[in-house]
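Here are my notes on this model, as numbered points. Please read them with the coordinates open.

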Amino acid sequence: MKFCSACGAQEIELRIPEGDTLPRCVCARCGTIHYQNPKVVVGSLPQHESRVLLCKRAIEPRHGLWTLPAGFLENGETLEQGATRETLEEADARVELGALYTVISLPQINQVYMMFRARLLDLDFGPGPESLEVRLFDESDVPWETIAFRTIARTLRNYFLDRRLGVHPLHVSAIERRAPLPPDLLAAG
Ligand SMILES: [Zn+2]
């Protein structure tokens, strides 16, 4: 942070405010504490009969790879509104949202994914500005090698496993970056 968004001052200090436990960006002129907290990514897993809808990304990161419709929750929006909006924006798809299905914490990049199950209301979907292509996939056709994000691959894997079991419980998990291998292990190959 280079300047204070409250008063425009450039004197930003990193310090622990009184009564707090973590260092924060604090404006030395006006005293505003600029909290930084994780962002919520919200999306859906749209299904039609046995198939699921995926979007091929037209934007970075992961241009050209496949994903479920998802994006950052906006201020003033509920999770359900965000998931429905992202599905419309990225896949031009109208859905009836079902239950919240996966919640995945990504503490290394300060994000939380929240994905809902959804049922496609019609088949008039197509790529929005952020997608190159939108398609329905059977489980056997899912392009596992070119799924854009681990959160999406995990959501899809859960879904196909649960579908065999006939239950879709809420899955809460985390993806933490793997610790680098210690040098002796690296040398050992
Ligand atoms: Zn300020």
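1. Ground rules. This is a predicted model, where local features need pLDDT of at least 70, side-chain atom pairs count only at pLDDT 80 or more, and totals for chains, interfaces and linings use all residues. Residues are numbered from 1 along each chain as its sequence is written, and side-chain values use heavy atoms, with hydrogens and water left out.

2. Ser 173 and Arg 154. The side chains of Ser 173 and Arg 154 are joined by a polar contact of 2.8 Å.

3. Setting of Ser 173. Ser 173 sits in strand E11, residues 171-174. Strands (E, at least two residues) and helices (H or I, at least four) are DSSP runs, numbered from the N terminus. Ser 173 is partly exposed because its relative accessibility is 24%; buried means under 20% relative accessible area, exposed over 50%, partly exposed in between (1.4 Å probe, protein chains only).

4. Aromatic pairs. The whole structure holds three aromatic pairs. Trp 144 and Phe 160 form an edge-to-face pair, because their ring centres are 6.2 Å apart and their planes are at 80°. This pair links distant parts of the chain, 16 residues apart: Trp 144 is in the loop between strand E10 (131-137) and helix H2 (150-165), and Phe 160 is in helix H2. Rings of Phe, Tyr and Trp (its six-membered ring) pair if their centres lie within 6.5 Å; planes under 30 degrees apart count as stacked, over 60 as edge-to-face and the rest as tilted.

5. Which residues form one aromatic cluster? They are Trp 144, Tyr 159 and Phe 160. Trp 144 is partly exposed, at 33% relative accessible area. Phe 160 is buried, at 2%. Tyr 159 and Phe 160 also pair edge-to-face, with centres 5.3 Å apart and planes at 65°. Tyr 159 is buried too, at 1%.

Notes: A polar contact is a pair of N or O atoms within 3.5 Å; within protein, one must be able to donate a hydrogen and the other to accept it, and residues adjacent in sequence count only if both atoms are side-chain atoms.
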